[in-house]
Amino acid sequence: MENTHSLKFVPPIRHHGRNRLARLGDWMGHNRRILLAIQWVIVIFYVVLVALPASLPLPQPESRLFSGEVGTAASIDPSQSPTSGAPVLQEKAPTLVPWHDKLVLFAQFAFWGIWWPFVIASMLLMGRVWCGVLCPEGALTEFASRHGRGGRIPRWVRWSGWPVAAFAMTTVYGQLVSVYEYPKAVLVILGGSTVAAVAVGYLYGRGKRVWCRYLCPVSGVFALLARLAPVHFRVDRERWNAHPARTAAVDCAPLLDVKHLQGASQCHACGRCSGHHDAVALEARSPNAEILAAKPATPEALLLIFGTLGVAIGAFQWTVSPWFVQLKQAAAAWLIERDMLWPLDDSAPWWLLTHYPEAGDVFTWLDGTAILAYIGAVTLALGGGIWLLVVLAAWLARRDWRSLALGLTPLAGIGLFLGLSMMTVTHLRAEGVPLGWVGMTRDMLLLAGVAWSAWLGVRLAAAGKTGATRRALGAAVYLAAVAAIAATWILIFHVW
């Protein structure tokens, strides 16, 4: 008998009896070569934009991406006006923006103005299609794994705390080195992450995405947001079990047990399993279904509360917060009074703290400490406060606090999009693009996130195993957590 375990599963082409979404999933599974070609085009694009700008000089302050000229500059003619005797101002002819300035500005706008905000949006709308079809790190780590050592995955890689730790460390380090603004910082963070992904792929697994499943700094966040996606690959267990033929196992890159797949949080939506045993299909669903039925693990709930609603908000806040300025000024005055001047030194290397004298942007040790202190304080105060409110609400409603916490996912996801799109707005404003619509759009998105999370929380609290009064009190306490999150964004967009 043929050894079916050595075969490669190829999804059959189906047309009859399957709707358009299901046929799209079948097409994805049957046309892997096309998707791989797209992935490698993105890999090339990604590597060029990460590596090349880091070797180029920083753009001139007056350079613009969408303008071909630097602009005019005034100079003083040493000769005097024949009538007034006053110096005459002469305008220099505009000069072209250097190509390397254009490339650096394009890379900044591509990564932080388009790429990351809309990757977050794609998770909310389509699940983890980005991970399975488009992500360059995913393609590279899988390629390395197919040609690597194929070692057994060690226990330390499987540690459940990596999604929280990796997200927090990467986010904070990015603020210290100003990753949104400087190509060298992008090379260290994104390039370093890519090198680590390739190394992990080479060492562990065989043709799998070990890095993506366990170690990617944003995989945990993507898993949270994908729970809201209105489409997913659904597995019909009865049809799976009833299927009479033996076939090769699905080559699931993120190492999932496809037969027992119950949601979109870990699925990379690559389509490789579509049609397997005639039981797997891409289908539409309610975006609330997975949140209302989920039983999350503790690390996932902590990542949501202390990561996306703590560390991330602190990182978005400190650059616009007057409290941060007051904190730093008070600390500087205290140090000067005591003749402790070394924290005011700005000699730290660029890969540890922002250090670009040519751009007039240099962090002192005090700056770095203040950033850490501010983000830490927001994480403890806001994240800790939300956690206490959720735990109290869950106790009142007789619910698992982790399940109730998931109701905050829509507001967290929309908040991440709003925070990252601040860079989009900054770039567009620098280019002179009219932005009168931005304020109303932000308010509408924030209101949608608040309403969605509030509705989910009330539904989750109402399902508690206790009396109506306690359930109502639990819902009220949960809504206080939603209000606290909304208040942080109101501070950023309307108060500060």
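Author: Of the 496 residues in the chain, 50% are buried, where buried means under 20% relative accessible area, exposed over 50% and partly exposed in between, with a 1.4 Å probe and protein chains only. This is a predicted model, in which local features need pLDDT of at least 70, side-chain atom pairs count only at pLDDT 80 or more, and totals for chains, interfaces and linings use all residues. Residues are numbered from 1 along each chain as its sequence is written, and side-chain values use heavy atoms, with hydrogens and water left out.

The chain has 18 helices and six strands; these are DSSP runs numbered from the N terminus, with H or I and at least four residues for helices, and E and at least two for strands. Among contacts between residues at least 6 apart in sequence, 80% join residues at least 24 apart, a contact being heavy atoms within 4.5 Å.

Two helix pairs show the packing. The axes of α6 (residues 162-176) and α12 (residues 298-317) come within 9 Å and cross at roughly 5°. Axes here are lines fitted to C-alpha atoms, for helices over the stretch in contact, and angles run from 0 to 180 degrees between N-to-C directions. The two helices are therefore roughly parallel to each other; that label covers angles under 35 degrees, while over 145 is roughly antiparallel, 65 to 115 roughly perpendicular and the rest oblique. On the α6 side the contact includes Pro163, Phe167 and Val172, and on the α12 side it includes Leu303, Gly307 and Val311. By class, this contact has 10 nonpolar, four polar and no charged residues. Ala, Val, Leu, Ile, Met, Phe, Trp, Tyr, Cys and Pro count as nonpolar, Asp, Glu, Lys and Arg as charged, and the others, Gly among them, as polar.

In the second pair, the axes of α3 (residues 99-126) and α9 (residues 219-226) come within 7 Å and cross at roughly 45°, which means that α3 is oblique to α9. Trp116, Val119, Ile120, Met123 and Leu124 of α3 meet Phe222, Leu225 and Ala226 of α9. That contact has eight nonpolar, no polar and no charged residues.

No disulfide ties the chain: the structure holds zero, counting a pair of cysteine sulfur atoms within 2.5 Å as one. Cys212 is buried, at a relative accessible area of 8%, and its sulfur is 5.9 Å from the closest cysteine sulfur, in Cys135, too far for a bond.
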